[in-house]
Amino acid sequence: MLFDENGRPKRRISIWIPLGVLAISLVLASIIIINRPKPLPAEPVTEIAPEVQAVRVINIQAKPVVTTTGRVSSPHQINIVSRVSGIIESVAENFRDGASFAKGDLLLKIEDQDYRIALSQSEASLASALQLLATEQGQADQAKRQWQDLGNAEANALFLREPQLNAAKAQVTAARANLEQAELNLQRTEIRAPFTGVISEIYADVGQFVTTGSSLAEVQSTERVQIKASLTANEISDLGWQNLNGLSLEGTTAQISYQVGRTLITREALVQYLSPLIDPMTQMSEITLDLIKDEENIEPTPFPGQFVDIRLEGAPVEQVVWIPQTALFERNQLLLANDNTLRIREVDILASTEGRILVKGLSDGDLVVTDRPLWIFPGQRVTPVLAGD
């Protein structure tokens, strides 16, 4: 224990000292808090409007277009058959697979000796029948005069030799028919081309015996060609041809393109027929076109079996627009960027071809989005960039 100078014990340190220290600390803390740096106000957040590719549309009158592929075929593809029997005596130089011929060209010659003999016999039979007819006619005239000399108005048919005269006339008619048949058979020993075309395949040759009805060759016409193609139900609808029962395609044309060597030829074809039947396997309908003849004979004709490109056009439609196919958002929906905000617009799709679609349901001046980032969705603010800007 500590004592003071008087020998009395010292008192303890006053409790006010800690309280004073605490008070000073609080004052200092208050000063620090009051004078601490204040945070700067946050800058306003700027909304990002990403760029999208767009086109400004104007409604027009347009024709729906369908493009497809067709195959060239011959309208006449037949088997040439023999109309008479005999041995093939000779064939033409161009009587071979793939050879061309003109209408009336001699293709084969069948031995004709038997048919010449038959013709001579028919001529003799006709001469004999004519002689018999003349004899009977003379006897009938004589009998008629004799009967008139007797003073009777009506004569007996048998006395006037009418049955014999009719029989002689019938023999002349039969003899003439036999002569015509003999002449036909002689002509038919020469097998001639029924049209201008090409030989697909031969079935007979020199020295071969053929009978009536024997196939000699398969030939195809090249005077004109047909194009056959198939259309889906959607393509028929695009063209406005869905009403097959009441459909008239008279005067409807199509554009045909095909290669001849390295040259691309484009010509017109006439739509002849759209079948109302649907193929059960492909669910498509067949369309037939006739290639319009080149009067000046400048452009070469495609060959049977060749593939060609076909461009078909439907009837004109008002208030429609062609836009890139990339503009489709979902099925029949487009995205518009009017007022810099993406909005959905439903439209009617009338046709699609060559990366474009023909739509109805847009207004003049609409901004149709043709390309956008995948993370942009309807309702978002965007910056349209027009094609060509």
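**Notes on pairing and surface**

1. Asparagine 79 has glutamate 218 in β11 as its bridge partner, and this pair belongs to the antiparallel pairing of β4 with strand β11 (residues 215-221), which extends over five bridges. Strands here are DSSP runs of E with at least two residues, helices are runs of H or I with at least four residues, both numbered from the N terminus, and two strands pair if DSSP finds at least two bridges between them.

2. The model is a predicted one, in which local features need pLDDT of at least 70 and side-chain atom pairs count only at pLDDT 80 or more, while totals for chains, interfaces and linings use all residues. Residues are numbered from 1 along each chain as its sequence is written, and side-chain values use heavy atoms, with hydrogens and water left out.

3. The open sheet to which these strands belong has four strands in the order β4-β11-β9-β6, with antiparallel pairing. Because β4 (77-81) and β6 (100-101) stand at the edges with a single partner strand each, one side of each is left without a neighbour in the sheet.

4. Strand β1 (residues 51-56) is joined by four bridges to strand β24 (residues 383-386), and the two run parallel; within this pairing, alanine 54 stands opposite leucine 386. With strand β23 (residues 367-371), by contrast, β1 pairs in the antiparallel sense, again over four bridges, and there valine 55 has valine 368 as its bridge partner.

5. Leucine 28 lies in helix α1 (residues 16-34), and its relative accessibility of 49% makes it partly exposed, a class that lies between buried (under 20% relative accessible area) and exposed (over 50%), using a 1.4 Å probe and protein chains only.
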